[in-house]
Amino acid sequence: MTTPLAAAKFDGVASSPSTLRAFLHGLPGVDRVGADARAAMLGTRSIKTTAKKQAIDTAIAMVDLTTLEGADTPGKVRAMCAKAVRPDPTDASVPPVAAVCVYPDLVATAVEALAGSGVKVASVATSFPSGRSSLEVKTAETRLAVAAGAAEIDMVIDRGAFLAGDYLKVYEEIVATKEACGEAHLKVILETGELATYDNVRRASWLAMIAGADFIKTSTGKVSPAATLPVTLVMLEAVRDFLAVTGRKVGVKPAGGIRTTKDAIKYLVLVNETAGPDWLHPDWFRLGASSLLNDLLMQRQKMATGRYAGPDYFTLD
Amino acid sequence: MFEYAPAPESRDIVDIRPSYGLFIGGEWVDPQGEDRHKTVNPATEEVLAEVAWAGEADVDRAVQAATKAFPVWSAMPGAERAKYLFRIARIIQERSRELAVLETLDNGKPIREARDVDLPLVAAHFFYYAGWADKLAYAGFGENPRPLGVAGQVIPWNFPLLMLAWKIAPALACGNTVVLKPAETTPLTGLAFAEICRQAELPPGVVNIVTGAGETGAALVNHPGVDKVAFTGSTEVGRLIARSLAGTSKKLTLELGGKAANIVFEDAPLDQAVEGIVNGIFFNQGHVCCAGSRLLVQESVAAELLEALKRRLGTLRLGDPMDKNTDIGAINSAEQLARIRELTESGEAEGAERWSPACPIPDRGYWFPPTVFTGVAQSHRIAREEIFGPVLSVLTFRTPAEAVEKANNTPYGLSAGVWTEKGSLMLWTASKLRAGVVWSNTFNRFDPTSPFGGYKESGYGREGGRHGLEAYLAV
Amino acid sequence: MSERLAVRKTYKLFIGGAFPRSESGRSYEVTSSKGDFLANAARASRKDARDAVVAARKAFPGWSGATAYNRGQILYRIAEMLEGRRAQFVAEITAVGGVGAKQAGDMVDATVDRLVWYAGWSDKIGAVVGSANPVAGPYFNLSSPEPTGVVAVIAPQTGPLLGLVSAIAPVIVTGNTCVVVACERVPLPAITLAEVLATSDLPGGVVNILTGSAAEIAPWLAGHMDVNGIDLTGADAELAVTCEELAAENLKRVLRPPAGPVDWLAEPGIGRMTAFLETKTVWHPIGV
């Protein structure tokens, strides 16, 4: 296992509950109103014409096309995979999405359906969405998903432990999960809707990053609010600052509640002006979504034809 | 890189006449003299229109019109005056896009700011004071507070329509009639407002708009028929007005210059502080009397904060004010640009270190890049004089007491900023600062309900809120 | 035996809680309306005015930073001490002539009452002229009155005690400090008031009293760049214009002389307090 520069830099930080707490509580605070205002201002950027075309294709290529329902079946997953590879059957110029995101038991189905496509398979793990299980179960689930072919693991943190101030427990679970991932990329879901404050979002972001996260992700999609612009802003600030301190770059994934092209473009503007254009790539920024993809396709077609598109012309998978 | 394509607001929505007269007694009238001047778009130097510069005789005519209208307007039931003001507020909302474009063309400010800040505040100000017109008995100035008469009002070019609203809305609500002179470089929204008065069927003479420069303003404030003078502008001119009103019974309120300190303590929410610093000094190209032009940062976080600030300034977009994505527009006039240049050159000459982000400057028009001076001493001119441009002077401090001492070490006292997550430190600092507005963990926020105005040489009187009524009532 | 020779008094200035002579060494005779000698009073110079401003500025942080309750207590204490000198004030007022003992007594009583009235304002004016402003956004927004700073008071030429106290009390109760130019012709009540102030817990420098010529001293105060406000109640028309013009140099808050005679017995209202109050508005975001 490689020791990332980050871990070396923060060697002593997680050596005890008190050092970890001191570190996380020593991070600058986040003023909610100011963060909200900044996100809202960036939301007023007017993206038109060529920039909008570019933004739509970039957004499509960043989508983690997701289905995380109790009713998911191999059939449902296969259909979604087909959509992931070829989002618009009538237009070959539409790029494929970045990944599909499924429950662990459907990873093998997705891997098979996506073989050779370049679209990655991501699996949620660690007793998604609540995370309320033992570490043994969580790491076993992670290993099974990876063994089934998942290239990316979306784990959830133990919000109960975080809110109880047991940061070391959260840290150790992330470290253990990262180890269980092996070569697979680890996305750490903070479930920001349950963390409640932006100060907590910032602390959880740093906690995840120093524990080895490759990506930090806002939400499971099962808790409201899911992703918001200001929460994503705070997380983008964290990855930006983490890179400056450690030299290690971490990705960001807002998930849940992103449904329209307008929303997606706001996120891209946020990335562009906060972490910077280096993050405007599927390797470093993802959009966890399902219905968003069709809206992106409809907007894309509207720009190409000049006519407003209708939902009947796009597949529901 | 994600290049935003230009997203220009359409200027077709505005209808600028080639030439404007004066708005007196509800009519457009020709000035008695031949003095006409061009108003230009500072972003392109394109001539937008020609306006009259009113002479003494024109001002006299306007004051007479206001005097004639006063008995009718002041005797009107407050509820009726309110309805006129509500009407005006609604018309402004309905025409806000047009007015925002006009403001941007004449002033050079980014359309995003005109659209999202100026115009909403203008409408809100009229709505707010409309509501006071029939409630003056409850304002704490006696059971039947009386208006003063004719108000002579002179406003600056940085927020032309907003400053008009700050002046006219409370004056009219209290039952006064007004003669207002817009700034010579930004007359167009004031003239558009004259049209709005007609559209609202405001009785003739209640609002009169006379365009012109300093001499017109002097004729107005010194006119014996004026009972109340309200001025927003430079401390230098404010002083002249205060002197010239000595021995008269005219009531005077002044909103003048500033050199606000923006104090960042080491426990500040740093990302929001960076935004607050940017908003504090680069909002409206720094053409803001309450701009946070002096950054006082605690030494322990100075390096970190400055690095973050410089990185953030790299993302500011300077250019065509009509582009909805522009953050920094044009400097309002060649004269102002020359003043900014002169002061920044003095900053370099005095030994401060100058920095600007890489920032292409358009070929035509008046532009100045966002500029930061570090290594600034209290004694430098750039730390003492109001630059009124996008220029930030950075100083450091070690203790809260030193921060307050440096912040207050100026003849001005308009505004200040405090950044800390510690409530008791915030309240302590706010209580020690000699400034009329203290923004803590925010900056450059305005609201019609919130009194605004300065201590010391930043002027006297308050605009906004219940306090703002006092300037227009005989109390 | 011949009649005992009177001990003639020479009164001094009141600056920074002390009673110095004028640095100029000048004094002038105070006489009754019939021309009888009453006392010598110091004729303050511009340098005395300058020293008084320094003392007032020095006292400002402490006085403005004191709790409103504390300032109210001290004003009430002044009223108590003044009451104790009732007979002396009556004697000084009647000696000047023009008023009888009964009327002079009424004036002293009204002065005591005026101080009590203003003492009660110290912790109420903020509630009356301050406000919590309902701004359209997630911000706490509070406006509160704060003292202007150092205020020059040109004391009324009428009402040598009641007028004087009616001018000083509203200035200091809110936390300002002041430099007072006493009525030139009738300075003795002002000097005796200084003695009252010196023994009533008022910190030195909060009130500084100069005797002498307003026409000579007032313009120096009006033009002084470390004076923040000026009350011209006692200035004649010509002096008032001169002072107002000079006051413009640093944008002093100016309380112009009243248009007509003032009835000092009438309830004063809050105008004399608000004339030397600033409004400070503090914003803070509201959010978790």
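Is α13(A) largely enclosed by the rest of the structure or largely exposed, and how many of the residues of α13(A) are buried? In this predicted model, 12 of the 14 residues of α13(A) are buried, so the helix is largely enclosed by the rest of the structure. A residue counts as buried here when 20 or more other C-beta atoms lie within 10 Å of its own.

The buried set begins with A:Thr261 and continues from A:Ala264 through A:Ile265, A:Lys266, A:Tyr267, A:Leu268, A:Val269, A:Leu270, A:Val271, A:Asn272 and A:Glu273 to A:Thr274. The elements of chain A that cover these residues include the helices α3 (32-42), α4 (49-62), α12 (229-246) and α14 (292-305), together with the strand β8 (287-289). The length of α13(A), which comprises residues 261-274, agrees with expectation, because 14 residues at 1.5 Å a residue should span 20 Å and the end C-alpha atoms are 20 Å apart. Just after the helix, A:Gly276 adopts a positive phi of about 110 degrees.

The surrounding chain may be considered next. Chain A contains 14 helices and 8 strands. Its radius of gyration is 19 Å, close to the 20 Å that the globule rule gives for 317 residues, so chain A is as compact as a globular protein of that length. Along the principal axes, the C-alpha atoms of chain A fill a box of roughly 60 × 45 × 30 Å. Burial extends to 56% of the 317 residues of chain A. Of the contacts in chain A with a separation of 6 or more, 74% involve residues 24 or more positions apart.

The interfaces between chains complete the account. Between chains C and A, 5 residues of chain C are in contact with 6 residues of chain A. The side of chain C that touches chain A has 4 nonpolar residues, 1 polar residue and no charged residues.

Between chains B and C, 35 residues of chain B are in contact with 27 residues of chain C. On the side of chain B that touches chain C, two or more residues come from each of α8 (235-244), α14 (423-432), β17 (437-440) and β18 (459-460) of chain B. By class, this side of chain B has 14 nonpolar, 13 polar and 8 charged residues.

Methods. Residues numbered from 1 in each chain as written. Chains lettered and ligands numbered in written order. Predicted model: local features only at pLDDT ≥ 70, side-chain atom pairs only at ≥ 80, totals over all residues. Contact = placed C-beta atoms within 7 Å. Helix = DSSP H or I, 4+ residues; strand = E, 2+ residues; numbered from the N terminus. Nonpolar A, V, L, I, M, F, W, Y, C, P; charged D, E, K, R; others polar. Rg over C-alpha atoms; globule rule 2.2 N^0.38 Å. Expected span 1.5 Å × (residues − 1).
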